[in-house]
Amino acid sequence: MKILGISGSLRRGSYNTSLLRAAARLLPGDVEFELWGGLKEVPPYDEDDDTDEAPAAAAAFREAIAGADAVLFATPEYNSSVPGQLKNAIDWASRPLRTNPLRNKPVAVVGASTGAFGALGSQAELRKVLAATGARVVEGEVPVGRAPSCFDEDGQLVDERALEQVEEVVTSLVAATAARGEALAPTLACAA
Ligand code: FNR
């Protein structure tokens, strides 16, 4: 099983990217985790450019999602919503609507902010956006509020409650992904 991690922050010292690294450490040993780093290169969505030869960075994003069994998003909150760069990339991934790589893909959302509410508002908005693409959105949220006090100077998540919540969400995501894999497995014909 492979999980793709997507941080909605482009910042080098991003708490949300650190949150994904914490999530990766909490995954079972047999689950592969890849942190996707191409968000800044994805151009603004333009339907005129969304042809058979979509821009390379947008095509690469679609392929990265298609190549993963599940996706874990960590989103900051910008003005009570999802950062534009993350929403823009998801708009690219959401087309073509019927066959888009997020359709039926198990996804989960976590988030960190320097404010008190831990990006709860943007997590709710992101879940709504992901549901609109046809993704299977796993229940649960991880509101890491007042983020500077939850990470140490090396960017490690040290807040016990947040660690527990991250573990709950990644456990749910792995279970939903495993259940989907079983449902998709070919049924063996009866030998009798
Ligand atoms: C913010 N921040 C913020 N925080 C919050 O709790 N609610 C909000 O609405 C906003 N709005 C907002 C807008 C913009 C443009 C910026 C740059 C920042 C603060 C935000 O939580 C903080 O910068 C986080 O550190 C961003 O996450 P990363 O980059 O550390 O992952």
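**Pockets and helix packing in a predicted model**

Good morning. I begin with the largest pocket: α1 (15-25) and β2 (32-36) each supply at least two residues of its lining. Helices (H or I, at least four residues) and strands (E, at least two) are DSSP runs, numbered from the N terminus. The model is a predicted one, in which local features need pLDDT of at least 70 and side-chain atom pairs count only at pLDDT 80 or more, while totals for chains, interfaces and linings use all residues. Residues are numbered from 1 along each chain as its sequence is written, and side-chain values use heavy atoms, with hydrogens and water left out.

A pocket here is an open set of points on a 1 Å grid over the protein atoms alone, where a 1.4 Å probe fits, with protein on both sides within 12 Å along at least five of seven lines; lining residues have an atom within 4 Å of a point. A volume is the space filled by probe spheres set on the points, which are joined across faces, edges and corners.

The largest pocket has a volume of about 220 Å³. Of its 14 lining residues, Ser-9, Leu-10, Thr-17, Trp-36 and Gly-37 lie nearest the centre. By class, this lining has four nonpolar, five polar and five charged residues. Ala, Val, Leu, Ile, Met, Phe, Trp, Tyr, Cys and Pro count as nonpolar, Asp, Glu, Lys and Arg as charged, and the others, Gly among them, as polar.

The second largest pocket holds about 150 Å³. Its lining includes Ser-9, Arg-11, Tyr-15, Glu-77 and Thr-114, and divides into four nonpolar, five polar and two charged residues.

I turn now to the helices. Helix α3 (residues 84-93) and helix α4 (residues 120-133) pack at about 10°, with axes 10 Å apart; axes are lines fitted to C-alpha atoms, for helices over the stretch in contact, and angles run from 0 to 180 degrees between N-to-C directions. The two are therefore roughly parallel, a term for angles under 35 degrees. Leu-86, Lys-87 and Ile-90 of α3 meet Leu-126, Val-129, Leu-130 and Thr-133 of α4, contact meaning heavy atoms within 4.5 Å. Five of these residues are nonpolar, one is polar and one is charged.

How does α2 (residues 56-66) pack against α3? The angle is about 75°, with the axes 9 Å apart, which makes α2 roughly perpendicular to α3, the term for 65 to 115 degrees. Ala-58, Phe-61, Arg-62 and Ile-65 of α2 contact Ala-89, Ile-90, Trp-92 and Ala-93 of α3.

Note on methods. Parallel < 35°, antiparallel > 145°, perpendicular 65-115°, else oblique.
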